[in-house]
Amino acid sequence: MAYDSAEKILERIKDIRWAHPIDLGHGVMQREWHVRRRFERRLKLLQIPENLKGWTVLDIGAWDGYFSFECERRGADRVLAIDTYAWDTPHGMDGFLAAREILGSKVEYKRIDVHDISPAEIGKFDLVLFFGVLYHLRNPLIGLERIASITKKLLICETHVLLPFIHERHALIPFFPGDEETRGQFYDLCAIPTLECLKQMLLAAGFKHLDVKYTPSFRYWKKFVALVRNLPQSGRGIIHAKF
Ligand SMILES: C[S@@+](CC[C@H](N)C(=O)[O-])C[C@H]1O[C@@H](n2cnc3c(N)ncnc32)[C@H](O)[C@@H]1O
């Protein structure tokens, strides 16, 4: 079906709950203005190469596929989107599949856990996007080792990083059993590493060159909050990692 009018698009997506602010064309945009603005800002901060002609891309934890479709738009030769938990819930893949259909996208997709990826399972990719997934993992270092094994040129890793009142310069990460093992128990902090810990984990996973693109904003204010609440806070960290 050709989605050549807003009416046809709106009819196709009428029961879908979106996580990502995807532009479906004909003026049909998802999510509220502030979410759209946040994603536009993220795109600037992440510094994904503008021209991806000749690149293959893996988007880990793709969810509705905002970044997968963006890489396709930037000319990537091939994009593979993978995910587990969000896609495993009832209707969890509806947004991704509808956007793919409406956009006439060729983005490939596979339900696989990042702990299970390997060159044999999915091949290798020039560019790997790993946004907002690390702190969900039971085994973040194993996840990064798996990612190193399938990355050819560049990994872009975006995660919450830990902001304790003091000791931020140490390689700290809280215990977290992984999303699938919380068994209803609440954890104040997930597997959120300090920036120093993230750097050391990336090096331990085999990456050789790290370029820190972003460190948390309002850092000193958050440290003050950490002191008052007696609880580490967090902020955004972005690292480009190469071999
Ligand atoms: C916070 S969302 C981030 C989504 C998207 N990457 C972004 O930055 O907007 C985390 C995503 O990671 C996925 N995820 C969590 N654990 C995963 C795992 N072990 N392997 C693959 N995907 C995972 C979730 O299902 C969810 O879609």
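Start by selecting Thr159: with 24 C-beta neighbours inside 10 Å, this residue counts as buried (buried means that 20 or more other C-beta atoms lie within 10 Å of a residue's own, exposed that 12 or fewer do, and partly exposed anything in between, with C-beta atoms placed from the backbone). Before you move on, know that this is a predicted model, in which local features need pLDDT of at least 70, side-chain atom pairs count only at pLDDT 80 or more, and totals for chains, interfaces and linings use all residues. Numbering runs from 1 along each chain as its sequence is written.

**Around Thr159**

Thr159 sits in strand 5 (helices, H or I with at least four residues, and strands, E with at least two, are DSSP runs numbered from the N terminus). Leaving aside neighbours within four places in sequence, Thr159 is in contact with Gly132, Leu134, Tyr135, Leu198 and Gly237 (contact means C-beta atoms, placed from the backbone, within 7 Å).

**The ligand**

Keep Gly132 selected and bring up the ligand. Which residues come nearest to the ligand? Of the 16 around it, they are Gly61, Trp63, Ala86, Phe131 and Gly132 (a residue is near a molecule or strand if its C-beta atom, placed from the backbone, lies within 6 Å of it). By class, this shell holds 8 nonpolar, 5 polar and 3 charged residues. Here Ala, Val, Leu, Ile, Met, Phe, Trp, Tyr, Cys and Pro count as nonpolar, Asp, Glu, Lys and Arg as charged, and the others, Gly among them, as polar.

Next, select residues 56–60, which form strand 1; 4 of its 5 residues are buried. To see the pairing, look for Asp59 opposite Ala81 in strand 2.

Strand 4, residues 125–131, also runs parallel to strand 1, with 4 bridges joining them. Here Val57 stands opposite Leu127.

Now show helix 3, residues 66–73: together with strands 1 and 2 it makes a right-handed β-α-β unit. A crossover is right-handed if, with the strands pointing away from the viewer, the path from the first strand over the helix to the second runs clockwise.

Stay in strand 2 and pick Val79. Val79 counts as buried because 29 C-beta neighbours lie inside 10 Å. Beyond four places in sequence, its contacts include Val57, Asp59, Ser68 and Cys71.

**Two loop residues**

Most residues other than glycine have a negative phi. Arg183 has a positive one, near 45 degrees; find it in the loop between strand 5 (151–163) and helix 8 (195–204). Arg183 is exposed, with 6 other C-beta atoms within 10 Å.

Then go to Asn230, where phi is about 55 degrees, again positive in a residue that is not a glycine. It lies in the loop between helix 9 (219–229) and strand 7 (233–242), and it counts as exposed, with 7 C-beta neighbours inside 10 Å.

**Zooming out**

Finally, show the whole protein chain, with its 9 helices and 7 strands. Its C-alpha atoms fill a box of roughly 55 × 40 × 35 Å along the principal axes. Of its 243 residues, 37% count as buried.

How values were computed
Pairing = 2+ DSSP bridges. Contact = placed C-beta atoms within 7 Å.
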